[in-house]
Amino acid sequence: MTRIIPAVLMLLLYAALGHTTDNNTPDSDATDSKAIDSRVMDSHTTEILVTDHLGNTLPTAMVTASPLVAPKADLSDNGYPPHGVTNQAAVTVTRFTDAQGRVSLPSLQEQHIRVRAQGYRDATVTPAAGVSTLTVALDAMTPEQYIASFPSNVWLSQLTFGGDAELKKTFQLNCAFCHQQASPFMRNERTVEQWLAVFSRMNSYGARLPGDDHQQIAEHLQRELRELRENPQTVPEPKPWEAFLSEIDMTEWPIGDGFSQMHDFLLHPNGFIYVGDNLFDRLYEVDPATGQYTVYKVPHRPGDKIGGILGNRFTVFPKMDNAMGVHSFAVSPRDGNIFITPSMQQALLEFNPQTKAFTLHEMDAGYYPHTIRIDEQDRVWFTLALSSQVARFERDTAQFTLYDLPARSVKEWLILKSLPLLFSIDPENRPQPAPDREGTGLPMPYGIDVAPDGRIWVARLYANDLAVIDPQTDQVSMVDFPYAGPRRLRADAQGKLWVVAFQDSLLVKYDPDNGEFSEYPLPVLNEIPYALNVDRQRGVVWVNGNQSDTLLSFDIATEQWRVYPLPRQRFFTRDVEVDEEDGAVYTSNSHFPSWQTEGGQPTLLRITPLSP
Amino acid sequence: MSSRFIHSVSCNLLPGLVLSLVASAVHAAGWPVYGGDPGGRHYSTLADINRNNVDDLQVAWVFRSGDSARDAAAMDNTSTQSTPILLPEAAGSSLVYCTPFNRVIALDPGSGEQRWDFDPQINRGGDRPFRCRGVAYAQDAQSAAAEHCQHRIYLSTHDRHLWALDALDGRPCAGFGNSGSVALYGAAEFAPGDVSNSSPPVIANGVVISGSTVIDFTRAQTPRGTVQAFNAHSGKPIWEFDPLAGHAGSGSANVWAPLSVDAEQGLVFLPTSAPSPDYYGAGRVGDSRYANSVVALELATGKLRWHFQHVRHDLWDYDTPAQPILFDWQRDGVSVPALVQLTKQGLVFALNRLTGESLWEMTEQPVPPSQVPGETAALSQPKPIAPPPLLDSFLMPHDAWGLTPVDRADCRKQLESLHNLGLFTPISEAPTLMYPGSLGGPNWGGGALLAERGTLLINVNNIAFSGRLVPLAAEAFSGNGPPTAGKRFRVVMQGTPYAAEIGSLQSFLGLPCNPPPWGKLIAVDLYGGRIIWETALGSVHEMGPVPVPFHIEWGTPNLGGGIATAGGLFFIAATMDRQLRAFDVDSGATLWRYTLPVDATATPMTYRYQGRQYVVVNAGGHHMFGRGSGDYLYAFGLPP
């Protein structure tokens with residue numbers, strides 16, 4: 001109830017101001033140009049004052065500058081840059097107003113400014129050349145627009161699935177892999193039959209929503225989303241944007257297009273950021289200093305088909321070119337070479353950032369190379385998500401060692417052992433085990449990290465357990481994880497494990513020394529956290545907030561959270577990387593499909609403190 | 001009750017009460033305008049024929065226009081779409097309609113005997129099909145009582161003339177334009193058929209307004225979609241509105257579907273079509289405002305009041321196909337002057353008709369980008385949060401339908417080869433699913449509204465299409481004319497680098513690849529934002545190589561609309577099975593049907609005359625269906 005009060009106050013304020021209604025939401029193309037005052041001076045920065053329509057200053061307004069015209073780019077390879085070609089990204093910068101409603105941005109020549117604030121309609125401005133100060137007035141949203149503008153997570157928080165918490169977790173586990181689950185796109189009224197068709201389509205793409213649950217989930221979604229639509233006042237407000245935001249800078253590098261998926265990436269000691277387009281087998285080498293990027297096409301063997309050995313589940317997609325499936329990245333501490341998991345092959349990729357040469361290390365076992373890390377001995381470790389294994393690659397000998405993780409049942413053991421037989425069958429005719437709630441046959445080792453003591457930790461998403469491998473003894477031990485959906489994990493400087501519990505909406509710490517788990521509720525409602533990373537130097541855990549269009553930071557010492565609103569709606573993120581040097585944090589916009597993101601464009605995003 | 005309260009109640013209720021009384025009076029008199037009322041509700045308050053006795057309905061009379069005998073050779077290029085109107089007593093109480101060649105015929109409503117006819121002798125040049133959805137009537141306030149043409153029939157013709165005829169004798173009104181007609185935009189500037197007419201004009205407050213049909217597909221720059229308004233007495237032009245004014249590199253955005261008017265508010269509502277060329281937009285960068293829109297203009301001046309664009313940068317030929325339906329939205333004790341617009345893509349938009357604001361939360365749906373060089377598709381398209389789409393626009397390979405495993409496998413294979421990201425997947429050089437295609441979804445038949453409870457009855461097509469753009473430099477390509485049943489439509493889009501090839505998605509057996517029903521009747525609760533029921537519309541028993549003697553209710557493609565009555569009935573033909581049906585508006589159950597000589601791709605109407613209620617439908621077939629033509633007007637009634 002307390003969460004509703006601010007919404008009510010907002011409505012009263014709105015009524016008092018006597019606004020008229022209209023249908024412009026933050027996502028709408030239709031925006032107002034509201035620059036009401038400007039001064040022209042010679043300056044390298046522009047100061048923007050944001051107010052409401054009465055002239056009251058608005059703190060924590062998000063101000064985004066983007067080029068009026070995107071730099072020309074060579075996209076002559078099926079809409080993408082050819083191999084080895086360098087282009088300039090249309091870099092955008094986002095900052096927030098301070099307590100006085102002011103914000104400074106770099107020179108805004110030939111820039112387009114979008115101003116966004118909670119409860120207000122977006123305004124867009126194209127400043128005249130040489131403008132150094134600018135005032136932008138925002139109109140308040142109508143009550144309906146305000147509630148409709150809330151991000152997915154607060155709407156999702158109100159879905160109870162008839163009080164069946166396990167059913168909701170099943171839904172979240174299987175449907176929030178790729179999408180926000182209560183965005184306007186999902187909240188649209190659908191009949192039960194239309195929902196069932198959605199589930200059938202998604203399972204054909206590879207989702208694992210159990211068939212036995214389809215009917216009841218469809219009925220719950222149809223009924224409960226309608227109830228929310230009819231009673232939107234029950235939807236809690238999202239977290240207010242906070243004053244500290246005026247101390248940060250967000251930079252976005254748009255790369256790829258609406259059909260790309262910028263999955264994981266790597267901050268390389270050479271200063272470049274390497275981003276993988278999972279759907280087009282391309283490696284984007286981004287120079288954050290200049291905004292230039294060079295694309296390298298990942299090679300594949302002659303005869304390899306789209307979808308690799310998994311087969312192409314996306315035959316109806318207009319564009320897809322991924323015989324390898326570039327997934328996760330790690331850098332060698334020895335020579336800086338980059339190791340990449342190609343999830344659609346039995347292989348490991350190596351990229352030399354100096355020669356730009358790829359090397360393919362083929363494996364004869366194991367399925368779905370997933371998340372990858374390299375230890376201090378330059379051993380490459382990665383999870384094999386389908387075959388429930390962990391692989392170790394010795395660079396000196398080019399040998400793979402596979403560690404089997406235990407099956408949870410005889411049935412699961414049989415399924416896992418039959419994978420080579422199943423994969424010997426053509427993908428089009430390959431039988432697939434029917435999905436169930438436990439993910440039988442698919443414990444799915446997912447996240448992996450190397451602890452300071454050299455042990456390798458792995459989270460199994462469907463099995464709700466952790467595995468630890470001692471490289472000294474090759475011993476594999478399992479730890480029950482008392483929460484649902486351990487997805488990606490990281491170790492901090494003290495060797496504590498930080499794990500996101502995907503469908504339980506929790507950050508969890510595991511202390512290997514005493515076996516204790518500690519849970520830390522996220523600062524936003526009903527988030528479904530995909531991944532995290534630890535800034536070991538500063539003791540900060542960064543968590544993906546992919547349902548709330550946020551990135552979340554957790555100070556380990558003070559146990560305080562901060563919420564960073566992201567500059568695009570439906571900003572679905574899957575990876576976080578931290579620059580230990582300056583504390584900047586990076587994430588990529590990898591909604592699937594990317595064209596469902598606001599602006600229809602995947603980006604690499606950096607959040608930087610304005611002053612270290 | 002305080003006086004202040006009385007004043008408040010009066011202010012709030014009187015306009016509605018007056019409107020209701022006017023509406024009731026209009027309805028009681030019959031069917032005075034094309035859509036039943038100026039707001040196109042397709043509704044009659046008559047209840048003499050009702051659920052309890054509809055089974056007794058029988059043919060009252062049949063009239064044949066004589067077109068079949070007179071113009072047999074041209075009948076294959078016609079579609080019969082006319083909905084008659086019943087003139088008020090002062091205007092002669094005739095039942096008046098038009099034939100595909102724009103002949104206007106007045107009949108005795110009780111016997112079907114002809115009273116007069118008028119043939120404008122249209123220019124039949126060009127190959128555009130002939131059709132005429134109806135005529136309009138108005139009493140001319142500037143004419144003296146009993147003066148010739150005090151009561152007028154207005155007709156927009158295939159060859160772009162607006163005629164005014166005397167309602168009593170059918171002769172042209174000498175004082176209107178040039179001896180009874182005025183030339184409309186395009187009559188002289190373009191080749192015959194490039195611009196023509198199909199829907200009737202509308203008249204209110206002394207202004208008569210005409211839209212147009214414009215040649216589709218074949219050119220990058222087609223004629224403009226100019227809407228024209230004339231003085232209803234003199235025929236002098238008052239204003240023009242070009243929906244694409246200021247947009248170079250394009251044309252059309254014309255208003256071929258029926259218009260609606262709100263005389264009290266002084267507004268006319270235009271359902272605008274797609275801009276040219278239909279499937280390629282690189283030469284028309286941006287949204288192409290006011291194409292694919294509902295546009296509200298001031299009747300008197302043509303000044304824009306508001307617009308709502310339901311498709312931005314159209315690449316699918318998603319014209320606004322249906323007459324905007326005007327009604328008073330009643331929800332939570334609040335009455336809002338409203339408009340509901342059906343679209344080919346199967347969405348139902350409910351808008352405030354004074355402002356254009358959506359009465360349901362409007363969401364911006366992200367949509368896929370285009371793969372065509374130079375093409376920039378819109379990033380998002382509007383979609384109301386409710387009601388749900390009338391069609392599920394995804395069709396996955398595993399959804400493939402077939403009568404046998406063999407043709408199902410054929411369909412599955414075809415679907416696997418099509419690009420398909422749901423609604424608004426841009427067509428490209430690769431074969432792409434178009435579902436719904438340009439047939440809709442809903443089409444010009446519109447919907448019938450039971451306004452008091454907000455139930456909207458809609459007939460929709462449910463046929464998947466596929467299409468591709470063919471680079472002209474890469475393939476020798478020749479067009480084959482307009483689309484017809486079962487054939488792939490091939491057309492060179494002159495002025496673009498492409499030709500388009502479009503066709504229904506069907507197996508080698510000629511059966512659709514999407515599961516039936518292939519035509520549906522859907523009842524939508526506008527206030528609740530939900531579908532109440534849906535049922536198959538049409539039987540396929542005559543669509544195979546050999547007709548079978550029993551109905552197979554899998555639904556058929558359908559063109560034409562239906563009407564609802566206070567008798568709890570919904571009458572509709574429209575299907576490819578020669579049936580006129582009566583459905584129960586509450587349940588969707590078929591209560592009655594009658595086999596006509598040919599398909600009736602026209603919206604029926606109903607009226608009471610000399611104490612007897614009639615239901616009338618024009619049956620003459622449709623050239624696109626290719627199932628035969630005719631020149632019938634059927635009237636049904638209960639036994640005398």
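Predicted model: local features only at pLDDT ≥ 70, side-chain atom pairs only at ≥ 80, totals over all residues.
View 1. The secondary structure of chain B comprises three helices and 40 strands, where helices (H or I, at least four residues) and strands (E, at least two) are DSSP runs numbered from the N terminus. Because its radius of gyration of 23 Å is close to the 26 Å that the globule rule gives for 640 residues, chain B is as compact as a globular protein of that length; the radius is taken over C-alpha atoms, and the rule is 2.2 Å times the number of residues to the power 0.38. Along the principal axes, the C-alpha atoms of chain B fill a box of roughly 70 × 65 × 55 Å.

Residues are numbered from 1 along each chain as its sequence is written, and chains are lettered from A and ligands numbered from 1 in the order in which they are written. Local features need pLDDT of at least 70, side-chain atom pairs count only at pLDDT 80 or more, and totals for chains, interfaces and linings use all residues, while side-chain values use heavy atoms, with hydrogens and water left out.

View 2. Of the 640 residues in chain B, 64% are buried, that is, under 20% relative accessible area, with exposed meaning over 50% and partly exposed in between (1.4 Å probe, protein chains only). B:Asp127 lies in the loop between β6 (114-118) and β7 (136-139) of chain B. B:Asp127 counts as exposed because its relative accessibility is 61%.

**View 3. The open sheet of chain A.** Eight strands of chain A form an open antiparallel sheet in the order β8-β7-β3-β5-β10-β37-β36-β35; two strands pair if DSSP finds at least two bridges between them. The edge strands β8 (123-125) and β35 (573-578) of chain A each pair on one side only. Within this chain, β10 (residues 248-254) and β37 (residues 603-609) pair in the antiparallel sense over seven bridges, and A:Leu605 in β37(A) is the bridge partner of A:Glu252.

**View 4. The hairpin of β32 and β33 in chain B.** Strands β32 (residues 519-525) and β33 (residues 530-536) of chain B pair in the antiparallel sense over six bridges. B:Asp525 has B:Arg530 in β33(B) as its bridge partner. Four residues lie between the two strands of the hairpin, in which B:Gly529 takes a positive phi near 70°.
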